[in-house]
Amino acid sequence: MAGPALEATRPGRRSRPKQPGGCGPAAMWRTDRELGTAFPCDGGLTLVLLMPPRERADAFRLDPEGEYDRTVTLMPGLAARIAGCTRATRIVQATDLPSYFRHSTGPGWAPAGDAGHFKDPVTAQGIRDALRFGRLLGEAAAPVLGNPERLDAATASWEHRRDHECRETYHWTNTLARSTAVTALEETLMRSMAARPEGSRPLLDVYSRIRRPSQLLTPTALATLLARTLTHPGVNRAAVLRTALTEARNQRTIRHDLRRR
Ligand SMILES: Cc1cc2nc3c(=O)[nH]c(=O)nc-3n(C[C@H](O)[C@H](O)[C@H](O)COP(=O)(O)OP(=O)(O)OC[C@H]3O[C@@H](n4cnc5c(N)ncnc54)[C@H](O)[C@@H]3O)c2cc1C
């Protein structure tokens with residue numbers, strides 16, 4: 001059985017103009033509550049993805065270009081990356097993208113891809129999961145197509161595997177989709193990764209699904225992060241402790257959900 005549909009707490013808002021001048025690797029910037037990504041594309045274009053807080057949806061609807069430009073300037077790194085570029089396409093927007101697991105099997109049927117399971121695009125996992133579980137569904141169903149009972153057992157087992165493999169990433173995605181401001185803990189995490197020889201590789205491994213989020217942010221890693229953050233000069237310790245407490249509660253809820261079934 002699939003888990004219940006759990007909604008992302010705050011689906012983001014996106015605008016994606018392509019800009020010529022796509023030098024450099026894909027990169028992401030976070031400033032306060034803003035999140036921006038630059039993806040190099042074919043033909044020297046760069047796809048710019050903005051995920052501002054949802055309450056700016058109306059502002060984007062009323063003045064897409066103005067709001068897009070204003071949002072880019074809020075992220076100096078992104079602004080520098082696309083400085084001198086011209087807009088090559090119109091700005092495309094999407095709002096209200098709730099995440100879900102749908103019950104995805106029945107007698108002789110099983111929907112692959114977004115039809116059965118969707119995550120907020122903030123972690124860019126949808127294509128990977130649609131392809132992976134589409135292939136696995138085909139592999140599970142092909143040998144038993146002529147046997148309805150075995151076919152239903154195979155698709156039920158496929159659905160269970162999809163939910164099992166995707167659930168932690170689903171929770172991680174929902175956490176990132178909240179569009180909360182960058183916290184001191186997050187900043188410490190990013191700075192400590194930047195200082196390591198392997199850089200952000202451990203985080204990229206989570207995006208690549210080589211490593212689970214819980215394997216990156218182990219209780220020991222979180223305790224170290226908290227201790228380091230609290231020793232930063234001028235840090236608001238009460239705010240840091242509040243964030244840590246909220247995150248600990250969030251993680252406990254997630255662990256509880258992951259233990260189900
Ligand atoms: C704004 C946004 C940004 C995203 N960014 C990323 C990203 O950066 N990276 C990533 O991995 N994923 C991203 N995703 C998610 C990704 O697009 C999906 O997870 C993926 O495309 C799912 O593939 P799919 O084949 O299930 O569905 P789709 O790609 O949606 O394909 C379904 C197709 O079926 C067609 N269709 C629907 N109904 C019918 C019908 N009745 N008859 C015939 N055809 C029909 C549709 O027109 C569509 O072409 C994003 C999603 C959104 C909404």
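How many of the 261 residues of the protein count as buried? In this predicted model, the share is 27%. The rest of the picture starts with the overall layout. The protein has ten helices and eight strands, and its C-alpha trace spans about 65 × 45 × 35 Å along the principal axes.

Now to a pair of helices. Two packed helices are described by the angle between their axes and the distance between the axes. For helix α6 (residues 184-195) and helix α9 (residues 219-230), the axes come within 9 Å and cross at roughly 105°. Angles of 65 to 115 degrees count as roughly perpendicular, so α6 is roughly perpendicular to α9. On the α6 side, the contact is made by Ala184, Leu185, Thr188, Leu189 and Ser192; on the α9 side, Leu225, Leu226, Arg228 and Thr229 take part. Sorted by class, this contact of α6 with α9 has five nonpolar residues, three polar ones and one charged one.

Next comes the ligand site. There are 13 residues around the ligand, and those that come nearest are Gly113, Pro121, Ala124, Gly126 and Ile127. Helix α4 (residues 126-141) gives the most to this shell, with four residues. By class, the shell around the ligand has seven nonpolar, three polar and three charged residues.

Leu131 also lies in helix α4. Is Leu131 exposed or buried? A residue with 12 or fewer other C-beta atoms within 10 Å is exposed, and Leu131 has 12 such neighbours, so Leu131 counts as exposed. The C-alpha atom of Leu131 is separated by 8.6 Å from that of Ala112, and the two residues are 19 apart along the chain.

His160 belongs to helix α5 (residues 148-176). This histidine has 15 other C-beta atoms within 10 Å and is therefore partly exposed. From His160 to Thr105 is a step of 55 residues in sequence, yet their C-alpha atoms are 9.8 Å apart in space.

Most residues other than glycine have a negative phi, and most peptide bonds are trans. Which way does Asp32 go, positive or negative? Phi of Asp32 is near 50°, a positive value in a residue other than glycine. Asp32 sits in the loop between β3 (27-31) and β4 (34-40), and Asp32 is exposed because its count of other C-beta atoms within 10 Å is 12. Arg209 is another case, with a positive phi near 65° in a residue that is not glycine. Its place is the loop between α7 (201-207) and α8 (213-216). With 16 C-beta neighbours inside 10 Å, Arg209 is counted as partly exposed, whereas Asp32 is exposed.

Terms used:
Residues numbered from 1 in each chain as written. Predicted model: local features only at pLDDT ≥ 70, side-chain atom pairs only at ≥ 80, totals over all residues. Axes fitted to C-alpha atoms, helices over the stretch in contact; angles between N-to-C directions. Helix = DSSP H or I, 4+ residues; strand = E, 2+ residues; numbered from the N terminus. Parallel < 35°, antiparallel > 145°, perpendicular 65-115°, else oblique. Contact = placed C-beta atoms within 7 Å. Nonpolar A, V, L, I, M, F, W, Y, C, P; charged D, E, K, R; others polar. Near = placed C-beta within 6 Å. Buried ≥ 20, exposed ≤ 12 C-beta atoms within 10 Å, placed from the backbone.
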